[in-house]
Amino acid sequence: MANIVIMPRQGQSVESCIITAWQKKKGDRVEIGDILFSYETDKSAFDEPAQVAGTLLAVLAEEGDVIPCLDPVCVIGEPGEDISALIAKKDDAAEAAAPAAEEKAAPAQEAEPTATESTGERIFISPRARRLSLETGVDLTKVKPTGPHGRIIERDVDKALDLGYTATTAAVESFLAGKPMPAEEPEAAKAEQQPAQAAPAAAAVAADDLLAYDEEPMSAVRKAIAKAMCASLSEMAQLTLNTSFDATNLLAYRAKLKAAGEELGLSKITINDMVLFAVSRVLPKFPEINANLVNGAFRKFRHANIGMAVDTDRGLLVPVLFGAEKLSLADLSALAKAKAAKAREGKLTPDEMHGGSFTVSNLGSLGVESFTPVINPPETAILGVCATVNRVKADGSVYPAMGLSLTFDHRAVDGAPAAKFLKELSTALENFDLLLAK
Amino acid sequence: MPKSQYIDPGKVFEPGYIDFDSIPLCRYNKTIEEEKQIYSKSDFMRIYHDMRTIREFETMLNEIKVKSEYNGVKYNNPGPAHLSIGQEASAVGQAYCMDINDFQFGSHRSHGEILAKGLSSINKLDDTELYDIMKEFLDGAILKVVEGKQANPGSVKDLAKDFLLYGALAEIFARTTGFNKGLGGSMHAFFIPFGIFPNNAIVGGAAPIALGAALYKRANHKKGIVVANSGDGALGRGPVLEALNFASMDQITKLWGMGGKYPDDGMPILFNVFNNFYGMGGQTLGETMGYTYPARLPAGFTPSAMHAEKVNGYDPLAVIDATTRKKELLLNGQGPAFLEVATYRVSGHSPSDSSTYRTPEEIEAWKDADPIPAYRRKLVAAGIAKDEEFAAIDEEIVNRTVKIIKLAIDDEISPRMDLSKQPDMISSIMYSNGHVKSMDTTREPEVLIPKEEDPRVKQIASKARYAFDDKGEMIPKMKLYNIRDGLFEAIIDKFYEDPTTIAYGEDNRDWGGAFAVYRGLTEALPYHRFFNAPISESAIVGSAVGYAVAGGRAIVELMYADFIGCAGDEIFNQLSKWQAMSAGILKMPVVLRVSVGSKYGAQHSQDWTALCSHIPGLKVCFPATPYDAKGLMNQALNGTDPVVFFESQRIYDKGEEFHKEGVPEGYYEVNIGEPDVKREGKDVTILSIGAVLYRALDAAKKLEKDYGISAEVIDARTLVPFDYSKVIESVKKTGKIVIVGDAVDRCSVMRDLASNITEMAFDYLDAPPAVFGSRNWITPAFELEKYYFPQPDGIIDVIHEKLMPIPGYVPTYNETELEHIERAKKGV
């Protein structure tokens, strides 16, 4: 019997995904585990393996289509099998869903309260699985229950975690309390529908060549960035402190690594790695900076979980270097490289990007001398690393000065402690060889 | 089954008659002039004094119960008061004959008995001994009360009378300064330094216990006799009849001497029935019994009819006369003896008794015959004392009684236990938790051969103490040191260490116990330390209680756990409770071995651990390996607490499969209360009770092999006490637990464990703890047992249905929740 493959739901907050590529085409033979298609959420990219073997009988969506989660994407069965009933059902479902979507689109703005209303459905979950969910922040909507009575048990949570489904603890708590996961989707869903409505209008004025443009929908990642950045700036009291430090020692050490480190495997250590290293050592001394501010409460992290801004084709991604304060410079460097590579390949899982306590963003290599980095919520500060310029000392000597820009949330941290942090970080960087000895 | 006694078919069928000797009824006929040759004036007066003291004490309690006031002292006593007004002459007459080392066990109407014995002891002890006893008892707590508040405490004997009355009354009023800190109460007051042993609220309960104390004297060659008091109502009770028979066993005089090697005396016990004609409201004469005279009974037990006679219990001199003669018989090795002391209870059964079962005329007639004024008149008439002298005694007694009740109701002087300030006071005395290698270090144990020469010891020496050889192959069973051997080793070691240790039960000697644990003990031990008991479970367990209370250590056996019901009261009310009811004064070093059967159907295959675990005061073990069996038995035998030791007939021949170094030959202990991880795992925990351990291990192996599930198997080993920490630790790791055992599921210990684990580890549980016991049925025949007792497949079924569905698994049995709801609905 033929099987419908649906768009998986990758988290309660995800309502739809973009199909980025088909790996199989209609008529292809499919074995269990073969990748059918690749798709993206606003945060990550995934491949969908086949759960059954057979022939791909129908492809119901094209590359670039935005498919609501749980909607049919393709059909696998035996050649010659009549799948009209299945497809019809899909169409029915689509028709039935269409008016609903329209209805939803109209009152979406005032539909906010539904997010906090109880869903009325009890979550059947074992105490152990519940505890584990809260500890790990698993995305419970992704957990497939396999316990007695359809109860979620530990192994189900473990499996979802293995697949990288995480959410914030607050979201898990809320879900366990019978409320939907705090929803980002209504906004996202709205945004997705706008281009579709705007497209005909754009076509109408396309006659004027001078005004011609290529319309491209915002990618999911772009939307997520847009949303996060707007939220960051609108909800926080952000301000930026700028300083610079004498990078003579730092650059000398870097030169030494480059020259002598080849055989030791240390030559790939970058200035940015060294800054990350210094940050990881200074950060634990400033618990209010190494923190998240959530619902009026500080989460002062016990480890330096440093987010590292990585520029990718999809947009800005921030993998987290967990427990950086315990890593050696070489290990930290290696980890940072691995994460950056994964980010560029779109292979980061959600939990690799969740749980940061502080972020470092580096525009120095692009010659930026100072900037105002935007805090990655719910963190309380972000460090911008700037370019190195030559400066003259009072005695006329010239030294390389590297700029640092610290943006902090004044709700969480006052100016003086933020300045002290910058000062201590500068001192650490100026005496990098000594820092290593600690 | 001694081979020396031949049962000859030629004689068994010989014709003839059973002849009975006549049983004397009230044959006392001494004149007062004759008695004057025996008693001094002070003896005569003391008898009056003691009877009058009891009368005043009981009257005081009656007034308090009925009017809440006695001689102007107001008090309300909500506790029981089973009074014996009218029976004073019987009690005093008996006690008069008893020495300190004669033990008295009483009925639940025993105030008079304990006061009489106490007063008798006070008279017989010299002042120094008496004062030392009072000073040492409960660190002088009672002495401090009776001595401290008086300007002039008088002589030591006067002080001792205050001590006795106060200790008893404070006990009745549940004060910490009572003889048992108020934990015994009216029906259980006793005072061992005066030879007053526990009285019993269970009618007839003291009979087998007194038998055990007599057995202690008999087996350990101790001086003195034991008196087992009971009312006439108690003669309808099985344990009393069992005790009468047990005490009369032929072997005591015919076999225990072992050809002159040891004494062949009879059991030094006097069964003394205070016949007041009513068991509460049921009239034993003419209504609930058919014997007419209780004294008729012993004719059914021994050819000597236990030297039974009936005596006038309203005449203290007649009682003394008869009791003295019985005591002489016992001291001459002619026990047991039986005495019916006819008396009458003028007071009600309790103060709430309106005497609807008897006429006012009957009561009045007995009041007219009141033994105290009658005795007084007799002495005045004989010119022994003047009436004023008696009046002076009366006044002294009333004054003493008023003084004592004032002390006993004073909350400052006589406080009750403060369980809010000292919440652990009762907890701390539920067990004595002693560690005593020998209950009597002054003498060598009596044995027949050196231990090394024992045939069983020699046989065990050649056995493999670990079950597998170098190649990991199981050694043949015949060559394996097994659970039987482990138990035997611990027990024979104790026999050679503690001279008081005795063992008995059904088929123990010669046969070696029905399951051969004791094989080899017959060769090593004299009869009086190791013998066959009659099929009398009440007497077996009850006598062990008395044996321990008297100072010895007993190992008794019930052939099947199913017979626990036959010894119900002895296990549930006596063995379990006396340590705590005595406020920790008594110790109870008794190991009760019970074997759990299989293959033998509904009345021989039951695991009744739940019944014993339910009762506070017992320790309950159920080992499943030779190492644990020996180690737990060692600790049980070295302890001072009652341990019910469950053994499974399925696994007596199991070798040691867990301790690679083998079961140690020397002494070691396994802590009672500690479960043991028999197999480590990480996905699911199986907690097993008893023999099901091996089925649990089979299930664990299958889970690992077929489904990649790693099961941890924990052997409970002990059920009470129970340290949950290892189990909780395991559950924290696995999140899942199934508790298995051969007991029926409903109200089992498994259910109790499951409930507690749920409470203790809720946040760590991935599913509610599952329980897999036997079905709530009768045990079917062996061939059908797999549908009844938990099997390895069933254990996996339960894990699949209730803890973690196993992909692709097909259950063998129906252990689904729906099925369980249906079963519960039907009560099965």
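**A tour of two chains**

Select α4 (residues 169–176) of chain A: its buried residues pack against α2 (127–136) of chain A. This is a predicted model. Those buried residues of α4(A) are Ala171(A), Val172(A) and Phe175(A). They cover an arc of only 100 degrees around the axis, which puts them on the same side of α4(A). The spacing follows a general rule. An α-helix has 3.6 residues a turn, so residues three or four places apart point the same way. Step past the helix to Gly178(A), which follows α4(A) and has a positive phi, near 90 degrees.

Now colour chain A by pLDDT. The mean is 81, and 84% of the residues of chain A reach 70 or more. Select residues 93–118 of chain A: pLDDT is below 50 here, and the stretch makes ten contacts in the model beyond near neighbours in sequence. Then take residues 183–206 of chain A. Here too pLDDT is below 50, with 24 contacts beyond near neighbours in sequence.

Next stop, the backbone of chain A at Pro377(A) and Pro378(A). A cis peptide bond joins them, with omega about 0 degrees. Pro378(A) sits in the loop between β16 (358–362) and β17 (381–392) of chain A.

Show both chains. The contact takes ten residues from chain A and eleven from chain B. On the side of chain B that touches chain A, six residues are nonpolar, four charged and one polar.

Move to chain B and select α18 (residues 483–495). At 1.5 Å a residue, its 13 residues should span 18 Å; the end C-alpha atoms are 19 Å apart, which agrees. Is this helix covered or exposed? α18(B) is mostly covered, with twelve of its 13 residues buried. Among them are Ile483(B), Leu487(B), Phe488(B) and Phe495(B), and also the charged Arg484(B), Asp485(B), Glu489(B) and Lys494(B).

Finish with backbone angles in chain B. Most residues other than glycine have a negative phi, and most peptide bonds are trans.

- Phe277(B), in the loop between β5 (269–275) and β6 (278–279), has a positive phi of about 75 degrees. Phe277(B) is buried, with 21 other C-beta atoms within 10 Å.
- Ala305(B), in the loop between α12 (284–288) and β8 (309–312), has a positive phi of about 55 degrees. Ala305(B) is buried, with 20 other C-beta atoms within 10 Å.
- Gly335(B) to Pro336(B) is a cis peptide bond, omega near 0 degrees. Pro336(B) lies in the loop between α13 (316–331) and β9 (337–342).

Key. Residues numbered from 1 in each chain as written. Chains lettered and ligands numbered in written order. Predicted model: local features only at pLDDT ≥ 70, side-chain atom pairs only at ≥ 80, totals over all residues. Helix = DSSP H or I, 4+ residues; strand = E, 2+ residues; numbered from the N terminus. Expected span 1.5 Å × (residues − 1). Arc of directions from axis to C-beta. Contact = placed C-beta atoms within 7 Å. pLDDT = per-residue confidence, 0-100.
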